Amino acid sequence: EWNKEYGKELPIHSDAYANKFLQSVQDGFGWTWNRHVKERDSVLGQMAASVGGQIISLDRPENAVDFLDYRKYIDADGHHLSLEGHKDIARRVASIVNTVGIHPNPRLGSWDDAGHDVCISWFNTGECPLKFQGKGVEMDNWFTGKYGLTFPFPTGGDIFFANPINRPMDLYINFMANGPLPSYYPLTEII
């Protein structure tokens, strides 16, 4: 977003972009990582550890101002992985598989031992079996074959679901976000 808002939008892999970025540092632009990254990484690590999993991430420099050497891992759109980024992740996955191995008969089935897991996604179909409400809340086909429930600002809306068993269960929710602010998406509060 910074690239669009401050002068002419330049290709992220170009020398002109690097010069523009370095000039912004000299001009005192305060580059920092999103303050929630460490918290997110901690939560993801706990989630993975709870099921014996591991999180694989691209390396990033400690200081955001040192990111230019890491652009090779990011696609020209500035959001997705480049071919080199995919190769790096593949190498990391292969390293884990070589260390841990692959179970000859991996368990296919429920996420929990009792068989009481539920997974609901409307991302690819646009079909949401859950009740949702709120003035202006609607299913949005925001990209060909990609759907999301949109909630108007500032009124928001609600999604309702019932726990199918009589004990507490973990709940994981995906929502669209990018940052730091300003963002394409509003702040999200989940209560």
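How far apart should the ends of α3 lie at 1.5 Å a residue, and how far apart are its end C-alpha atoms? The legends below take up this point together with other close-up views of the structure, which is a predicted model.

**Figure 1. Helices α3 and α4, with the glycines that follow them.** At 1.5 Å a residue, the 14 residues of α3 should span 20 Å, and the end C-alpha atoms of this helix are 20 Å apart, which agrees. After α3 comes Gly 52, which has a positive phi near 75°. For α4, with 18 residues, the span at 1.5 Å a residue should be 26 Å, and the end C-alpha atoms, 26 Å apart, agree with that value. Gly 101 follows α4, and its phi is positive as well, near 85°.

**Figure 2. The aromatic pair of Phe 21 and Phe 67.** A search of the whole structure finds five aromatic pairs, and one of them joins Phe 21 to Phe 67 in an edge-to-face arrangement, with 5.0 Å from centre to centre and 75° between the planes. Phe 21 belongs to helix α2 (residues 15-26), whereas Phe 67 belongs to the loop between α3 (37-50) and α4 (83-100), so the pair ties together parts of the chain that are 46 residues apart in sequence. Phe 21 and Phe 67 are both buried. Ring pairs also link Phe 21 and Phe 67 with Phe 29 and Trp 31, and the four residues form a cluster.

**Figure 3. The tilted pair of Tyr 70 and Tyr 73.** A pair of aromatic rings is described by the distance of the centres and the angle of the planes. For Tyr 70 and Tyr 73 the ring centres are 6.5 Å apart and the planes stand at 45°, so this pair is tilted. Tyr 70 is partly exposed, with a relative accessible area of 27%, while Tyr 73, at 15%, is buried.

**Figure 4. The largest nonpolar core.** In soluble globular proteins, nonpolar side chains tend to be buried together. Here the largest nonpolar core has eight residues, namely Trp 2, Leu 10, Ile 12, Tyr 17, Ala 18, Phe 21, Phe 67 and Leu 68. Helix α2 supplies the largest share of this core, three residues. Leu 68, leaving aside its neighbours within four places in sequence, is in contact with Tyr 17, Ala 18, Phe 21 and Leu 22. In the protein chain, buried residues make up 16% of the 191 residues.

**Figure 5. Two charged side chains over aromatic rings.** The charged end of Arg 60 sits over the ring of Trp 33, at 5.7 Å from the ring centre. In a second case, the charged end of Lys 131 sits over the ring of Phe 160, and here the distance to the ring centre is 5.0 Å.

Figure 6. Strand β2 (residues 138-143) pairs with strand β3 (residues 146-150) in the antiparallel sense, over four bridges. Within this pairing, Met 139 stands opposite Leu 149 in β3, and Phe 143 has Lys 146 as its bridge partner in β3. Two residues lie between the strands of this hairpin, and Gly 145 in the turn has a positive phi of about 75°.

**Figure 7. Ile 191 and the chain as a whole.** The protein chain contains four helices and four strands, which follow the pattern α-α-α-α-β-β-β-β when read along the sequence. Ile 191 has its place in the segment after β4 (158-160) and counts as exposed, at 94% relative accessibility. Ile 191 and Asp 158 are 33 residues apart in sequence, and their C-alpha atoms are 9.8 Å apart in space. Among contacts in the protein chain between residues at least 6 apart in sequence, those that join residues at least 24 apart make up 43%.

Key
Residues numbered from 1 in each chain as written. Predicted model: local features only at pLDDT ≥ 70, side-chain atom pairs only at ≥ 80, totals over all residues. Heavy atoms only, no water. Phe/Tyr/Trp six-rings, centres within 6.5 Å; stacked < 30°, edge-to-face > 60°. Buried < 20%, exposed > 50% of the residue type's maximum accessible area, 1.4 Å probe, protein only. Lys NZ or Arg CZ within 6 Å of the ring centre and 35° of its normal. Pairing = 2+ DSSP bridges. Core = buried A, V, L, I, M, F, W, Y, C linked by side-chain atoms within 4.5 Å. Contact = heavy atoms within 4.5 Å. Expected span 1.5 Å × (residues − 1).
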